[in-house]
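Visitor: Before we go through the labels attached to this model, could you show it to me, so that each term can be set against its criterion?

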Amino acid sequence: MGAAVTAMERRGILTEAGNMNREIKKINALIISSMVNVERLADKIAFLEKEKKPLNRKKKRKHI
């Protein structure tokens with residue numbers, strides 16, 4: 001945003017550039033939140049995969 005738009009926004013006058021900037025900030029926050037959630041889910045999947053391996057081994061031994 002330019003100086004004039006920034007001054008208008010400070011005075012409480014909404015501008016198109018200010019509106020776009022606010023939308024971009026919201027979208028960026030959603031992207032960051034999504035990335036954090038994906039990382040958490042990946043960690044959970046990795047943990048569950050580790051836990052699943054010993055269970056599969058125990059099941060195979062019982063069938064022998």
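**Reading the labels**

Guide: Glu49 and Lys52 are separated by about one helical turn, because the two lie three residues apart in helix H2; helices are DSSP runs of H or I with at least four residues, strands are runs of E with at least two, and both are numbered from the N terminus. This is a predicted model, in which local features need pLDDT of at least 70 and side-chain atom pairs count only at pLDDT 80 or more, while totals for chains, interfaces and linings use all residues. Residues are numbered from 1 along each chain as its sequence is written, and side-chain values use heavy atoms, with hydrogens and water left out.

Visitor: Why is the pair of Glu49 and Lys52 called a salt bridge?

Guide: The closest N and O atoms of Glu49 and Lys52 are 3.9 Å apart, and the rule asks for a side-chain nitrogen of Lys or Arg within 4 Å of a carboxyl oxygen of Asp or Glu, so the pair qualifies.

Visitor: What makes Glu49 partly exposed, and how is Lys52 classed?

Guide: Glu49 has a relative accessibility of 38% and Lys52 one of 41%; buried means under 20% relative accessible area, exposed means over 50%, and partly exposed lies in between (1.4 Å probe, protein chains only). Both values fall in the middle range, so Glu49 and Lys52 each count as partly exposed.

Visitor: How many salt bridges does the rule give, and which pairs make up the others?

Guide: The count comes to three. Glu9 is bridged to Arg22, with the closest N and O atoms 2.8 Å apart, and this pair links distant parts of the chain, Glu9 being in helix H1 and Arg22 in helix H2, 13 residues apart. Glu23 is bridged to Lys26 at 3.6 Å between the closest N and O atoms, and since these two are three residues apart in helix H2, about one helical turn separates them.

Visitor: How do Glu23 and Lys26 compare with the accessibility classes?

Guide: Glu23, with a relative accessible area of 41%, is partly exposed, whereas Lys26, at 51%, is exposed.

Visitor: Where is Thr15, and why is it called buried?

Guide: Thr15 sits in the loop between helix H1 (3-10) and H2, and with a relative accessibility of 9% it counts as buried. Leaving aside neighbours within four places in sequence, Thr15 is in contact with Val5, Met8, Glu9 and Arg22.

Visitor: How is Glu16 classed, and why?

Guide: Glu16, found in helix H2 (residues 16-63), has a relative accessible area of 58% and is therefore exposed. Its C-alpha lies 9.0 Å from that of Val5, which is 11 residues away in sequence.

Visitor: Which residues form the nonpolar patch on the surface?

Guide: Ile27, Ile31 and Met35 form the patch, with about 300 Å² of accessible area together. Met35 belongs to helix H2 and is exposed because its relative accessibility is 55%.

Visitor: What describes the protein chain as a whole?

Guide: The protein chain has two helices and zero strands, and 5% of its 64 residues count as buried. The chain exposes about 6,100 Å², of which carbon and sulfur atoms supply 62%.

Conventions
Contact means heavy atoms within 4.5 Å. Patches are made of residues with over 30% relative accessible area and no salt bridge: like charges are joined within 9 Å, nonpolar side chains (Val, Leu, Ile, Met, Phe, Trp, Tyr) within 5 Å. Accessible areas come from the Shrake-Rupley method with a 1.4 Å probe; for residues, only the protein chains shown count as cover.
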